[in-house]
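Me: I want to learn how to read a model like this one. Can we go through it feature by feature?

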Amino acid sequence: MNPSIIFKIANGITLLSWLVLILSPNQTKVIRPLRVFVSGLVLGGVYIFSILIGSGEAEGNFSNLESVRSLFANDYFLLAGWIHYLAFDLFLGTWEVEDGLQVGINRWILVPILALTFYFGPAGFVSYLILRAVNSLFIRNKKTT
């Protein structure tokens, strides 16, 4: 299958998954299917497929930036790199929602952080950790007064 078509399908599935995660009235019921099925099996499967198909044609490795650039000149390895981001960012987003529910963070406050995680994974994660720490301090201070 053409890597450009796989790219479009994977992006569509991932965007739909993020919308379900954010807009679902019962987030606890969608977290596990999104994490295990979409992030793990679907995107993970596409990742493995892309690596296997591209490995016969790829040049380069992970030893330095120039070699990584050569590796990603292969469309299937480039696709695998992108799928890697999609899968891990979605996994991280489901964790943020699950953890946020457990520590009492309002689901709507998480929306901008989830958007940040979707677009810039580590920046969203750091933002979530800051929000979680502030929330924890607020709850701790509220209990002592």
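Me: Which residues does UniProt list for "transmembrane region"?
Reply: Start from the record, then look at the model. The unreviewed UniProt entry lists residues 6-24, 36-56, 76-97 and 109-131 under that feature name. The model itself is predicted. Take two of the spans. Residues 36-56 are 90% helix and 0% strand. The end C-alpha atoms of that span are 29 Å apart. Residues 76-97 are 100% helix and 0% strand, with end C-alpha atoms 31 Å apart.

Me: How far can I trust the coordinates? What pLDDT does the chain average?
Reply: Where pLDDT is low, predicted coordinates should not be read in detail. Here the chain averages a pLDDT of 93, and 96% of the residues score at least 70. Confidence is highest in α1, at a mean of 97, and lowest in α6, at 88.

Me: How many helices and strands are there in the chain?
Reply: Six helices and zero strands. Along the sequence, the pattern reads α-α-α-α-α-α. The C-alpha trace spans about 65 × 35 × 20 Å along them.

Me: What share of the contacts joins residues 24 or more positions apart?
Reply: Count contacts with a separation of 6 or more. Of these, 64% are between residues 24 or more positions apart. Of the 145 residues, 36% are buried. As for surface, the chain exposes about 8,900 Å², and carbon and sulfur atoms supply 69% of that area.

Me: Which residues touch the most other members of the largest nonpolar core?
Reply: First the general idea. In soluble globular proteins, nonpolar side chains tend to be buried together. Now this case. The largest nonpolar core has 22 residues, and Leu21, Leu43, Ile83, Leu110 and Leu114 touch the most other members. Helices α1 (3-23), α2 (27-54), α4 (75-103), α5 (110-119) and α6 (121-144) each give two or more residues to this core. The largest share, six residues, comes from α4.

Me: Take Leu43. What does Leu43 touch?
Reply: Set aside residues up to four places away in sequence. Leu43 then touches Ala10, Thr14, Val38, Ile83, Leu86 and Ala87. Ile83 is also one of the residues that touch the most other core members.

Me: Which residues of α5 are buried?
Reply: Think about helix geometry. An α-helix has 3.6 residues a turn, so residues three or four places apart point the same way. In α5, the buried residues are Leu110, Ile113, Leu114 and Thr117. Viewed down the axis of α5, they fall within an arc of 100°, so they line one face of the helix. Pro112 and Tyr119 are exposed on the other side of α5.

Me: Thr117 is in helix α5. Why does Thr117 count as buried?
Reply: Compare its relative accessible area with the cut-off. Thr117 is buried because its value is 0%, and buried means under 20%. Then check the partners. Beyond its neighbours within four places in sequence, Thr117 is in contact with Trp18, Asp89, Leu92, Gly93, Glu96, Gly124 and Phe125.

Me: Now asparagines. Where is Asn135, and what is its relative accessibility?
Reply: Asn135 is in helix α6. Its relative accessibility is 15%, so Asn135 counts as buried. Neighbours within four places aside, Asn135 is in contact with Val103, Gly104 and Ile105. Remember that α6 has the lowest confidence, at a mean of 88.

Me: And where is Asn61?
Reply: In the loop between α2 and α3 (65-71). Asn61 is partly exposed, with a relative accessible area of 36%. Not counting residues up to four places away, Asn61 touches Ser67, Val68 and Leu71. Asn61 and Leu16 are 45 residues apart in sequence and 33 Å apart in space, C-alpha to C-alpha.

Definitions and conventions:
Residues are numbered from 1 along each chain as its sequence is written. This is a predicted model: local features need pLDDT of at least 70, side-chain atom pairs count only at pLDDT 80 or more; totals for chains, interfaces and linings use all residues. Side-chain values use heavy atoms; hydrogens and water are left out. A nonpolar core is a set of buried Ala, Val, Leu, Ile, Met, Phe, Trp, Tyr and Cys residues joined through side-chain atoms within 4.5 Å. Buried means under 20% relative accessible area, exposed over 50%, partly exposed in between (1.4 Å probe, protein chains only). Helices (H or I, at least four residues) and strands (E, at least two) are DSSP runs, numbered from the N terminus. Contact means heavy atoms within 4.5 Å. pLDDT is the predictor's confidence in each residue, from 0 to 100. UniProt positions are given in the numbering used here, feature names are shortened, and annotations may be inferred rather than shown by experiment. The arc is that of the directions from the helix axis to the C-beta atoms. Accessible areas come from the Shrake-Rupley method with a 1.4 Å probe; for residues, only the protein chains shown count as cover.
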